[in-house]
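Here are my notes on this entry, as numbered points. Please read them with the viewer open.

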Amino acid sequence: MGAVDNTLGLYLSVPFCKAKCTFCNFASDAYPPERMAAYVDQVVSEVASSHDFAAKHGLAVPSQVDSIFLGGGTPSLLEPAQMKALFRSLRAGFEVIKSAEITVEAAPGQISDALLDALLASGVNRISLGVQSFVDTESRAVGRSHTGSSCLLELERLRAAGVRDLNVDLIAGLPHQTIASWAQSLQQAINSGVDHVSVYMLEVDEDSRLGRELIGPGVRYGANAAPTESLVADLYAQACEALNGAGLAQYEISNFARPGHASRHNLKYWTRAPYLGFGLDAHSMLLDAVTGGAVRFANADDLDGYMNTADAVDVERVDALEAWEESIFLGLRLIDGVSIPTLQRDYPPAWVDAMVETSRTLADSGLMSVTQDRVALTQAGRIVSSSIFGELLAGEPVAV
Ligand code: SF4
């Protein structure tokens with residue numbers, strides 16, 4: 001019930017942003033920049049004490065790190081010296097292998113020359129650019145200051161500087177988005193030559209200003225100009241068709257890559273491989289050193305809470321049923337789905353048989369595919385994945 005490999009991924013959160021985008025529901029904010037220095041110090045000390053933390057809780061820490069991901073927030077707002085200090089602390093605490101995938105998220109137009117030098121000097125080989133839309137009216141409406149052409153120039157600049165891998169994030173469901181404008185964004189992403197594109201559907205919840213407006217009344221953030229739910233589903237299907245057709249093959253619900261460019265770091269989350277997170281709202285999953293079972297823990301999701309109580313982390317041992325649920329709903333995010341023999345190796349046969357049987361029924365409706373070895377969602381199934389996960393896990397097995 002454990003991880004598929006014995007290497008470790010490291011995640012580091014930098015929750016600072018220049019301005020809060022209206023759709024954003026992450027634990028990030030336009031915190032005063034002067035708080036950044038103390039935050040970096042806190043993260044450095046968290047990294048330094050992580051092995052003691054693991055020993056105290058009986059957790060196994062794989063000896064080699066093969067992926068690092070700096071997300072946020074906007075890590076590109078760090079000063080070059082701060083960026084270097086974070087990487088120094090990671091390399092001092094862990095053995096980072098030479099071929100590690102090292103990603104930093106960045107906002108277009110906010111990467112200074114000095115910071116780019118610091119990134120390259122720190123071994124960063126992948127930059128994920130938060131474009132969201134190449135259409136200027138859409139970017140402006142959600143509080144972004146970049147333009148489509150400035151994003152393209154930024155990608156060219158990063159490639160010319162020697163960044164090996166580039167990702168572009170796009171969002172389907174932004175105010176003013178139409179089939180035609182979305183086609184324009186997708187085409188720009190394709191034309192830019194990036195090897196990886198992430199496409200997220202706008203999350204409508206109480207945690208963002210636009211989300212709240214879409215749930216309740218108001219037009220200040222453009223809810224009245226946002227696409228309907230069914231149009232968002234069409235935009236998603238449009239993205240799958242355009243990106244797959246351009247050689248960026250979908251490998252996960254939200255992710256598309258040219259061959260050999262799938263994100264190693266993100267694959268860890270979906271395959272339940274070990275990862276260790278540092279900073280605000282960072283989540284971790286390691287294995288219990290004795291039982292081999294998964295153990296999850298997370299840091300506080302508000303800045304003051306993190307700065308004051310970084311040690312007070314809830315450590316949760318994942319029981320067999322929870323591990324089973326995770327294997328299904330994380331594994332089915334992958335286009336290849338989950339391996340039946342692997343499930344049979346890790347879980348009671350009755351659980352696997354019941355899940356495969358439900359999958360066969362869903363396959364009759366065109367929502368899943370079932371072969372001898374694998375179960376997977378179809379494209380139609382991916383659009384309604386949440387309800388499918390609910391159905392697959394509805395008759396929860398009794399723990400054995
Ligand atoms: S979307 Fe990115 S840049 Fe915008 S507020 Fe959220 S974390 Fe910051």
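1. First, a convention for the helix packing below. Axes are lines fitted to C-alpha atoms, for helices over the stretch in contact, and angles run from 0 to 180 degrees between N-to-C directions. Keep in mind that this is a predicted model.

2. Helix α14 (residues 349-364) packs against α16. Their axes come within 10 Å and cross at roughly 135 degrees. In handedness, α14 passes α16 in a right-handed crossing.

3. Which residues make the contact between α14 and α16? From α14 come Met 355, Thr 358, Ser 359 and Leu 362. From α16 come Ile 388, Glu 391 and Leu 392.

4. Helix α16 (residues 385-392) also carries Phe 389, and helix α12 (residues 320-331) carries Phe 329. The two rings form a tilted aromatic pair, 6.4 Å centre to centre with 45 degrees between the planes. The partners sit 60 residues apart, so to speak distant parts of the chain are linked. Phe 389 is buried at 13% relative accessibility, while Phe 329 is partly exposed at 30%.

5. Now the strands. Is β11 enclosed or open? Five of the six residues of β11 (residues 283-288) are buried, so this strand is largely enclosed by the rest of the structure.

6. Strand β11 has antiparallel partners. Two bridges join it to strand β2 (residues 59-60), where Leu 59 is the bridge partner of Asp 288. Five bridges join β11 to strand β12 (residues 294-298), also antiparallel. Here Ser 284 stands opposite Phe 297.

7. The hairpin of β11 and β12 has five residues between the strands. Within this hairpin, Gly 292 takes a positive phi near 80 degrees.

8. Aromatic pairs number twelve in the structure. One of them joins Phe 53 and Phe 297: the centres are 5.0 Å apart and the planes lie at 50 degrees, so the pair is tilted. Phe 53 belongs to helix α2 (residues 50-56) and Phe 297 to strand β12, 244 residues apart. Phe 297 has 8% relative accessibility and counts as buried.

9. What do Phe 16, Tyr 31, Tyr 39 and Tyr 306 form? These four rings make one aromatic cluster.

Terms used:
Residues numbered from 1 in each chain as written. Predicted model: local features only at pLDDT ≥ 70, side-chain atom pairs only at ≥ 80, totals over all residues. Heavy atoms only, no water. Buried < 20%, exposed > 50% of the residue type's maximum accessible area, 1.4 Å probe, protein only. Helix = DSSP H or I, 4+ residues; strand = E, 2+ residues; numbered from the N terminus. Pairing = 2+ DSSP bridges. Phe/Tyr/Trp six-rings, centres within 6.5 Å; stacked < 30°, edge-to-face > 60°. Left-handed = near helix turned anticlockwise from the far one by under 90°. Contact = heavy atoms within 4.5 Å.
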